[in-house]
Amino acid sequence: MRKKGVFVEVVCARCKHKQVVFGKASTFVKCENCGKLLVRPKGGKSKIKSFVRRVLK
Ligand SMILES: [Zn+2]
């Protein structure tokens, strides 16, 4: 079954700030705390550049 998208909780590699991001974000997502790039868009699917703690459904 195809999902429209999920939210994932990621942890910033630099400052350990936890942040929930959309798994298919089409924009760059930066850490709210330190500004490090966490997610970058890649062909309709996001490239998560930080640690994924858990997937929220
Ligand atoms: Zn950070």
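Q: In which loop does Lys24 lie?
A: This is a predicted model. Strand β2 covers residues 18–22. Lys24 lies in the loop between β2 and β3.

Q: Is Lys24 buried, exposed or partly exposed?
A: Count the C-beta neighbours of Lys24 inside 10 Å: there are 16. A buried residue needs 20 or more, and an exposed one has 12 or fewer. The count for Lys24 falls in between, so Lys24 is partly exposed.

Q: What distance separates the C-alpha atoms of Lys24 and Gly5?
A: Along the chain, Lys24 and Gly5 are 19 residues apart.

Q: In which sense do β1 and β2 pair?
A: The two strands form a hairpin with 6 residues between them. In the turn, Lys16 has a positive phi of about 65 degrees. Glu9 stands opposite Val20 in β2. Over 5 bridges, the sense of the β1 and β2 pairing is antiparallel.

Q: Which elements give two or more residues to the largest nonpolar core?
A: That core has 6 residues: Val8, Val10, Cys12, Cys31, Leu38 and Val39. Strand β1 spans 7–11 and strand β4 spans 37–42. The elements that give two or more residues are β1 and β4.

Q: Where is confidence lowest in the protein?
A: The protein averages a pLDDT of 81, and 84% of the residues score at least 70. Confidence is highest in strand β3, at 90. Where pLDDT is low, the predicted coordinates should not be read in detail. The lowest mean, 70, belongs to residues 45–48, strand β5.

Conventions:
Residues are numbered from 1 along each chain as its sequence is written. This is a predicted model: local features need pLDDT of at least 70, side-chain atom pairs count only at pLDDT 80 or more; totals for chains, interfaces and linings use all residues. pLDDT is the predictor's confidence in each residue, from 0 to 100. Helices (H or I, at least four residues) and strands (E, at least two) are DSSP runs, numbered from the N terminus. A nonpolar core is a set of buried Ala, Val, Leu, Ile, Met, Phe, Trp, Tyr and Cys residues joined through C-beta atoms within 7 Å. Two strands pair if DSSP finds at least two bridges between them.
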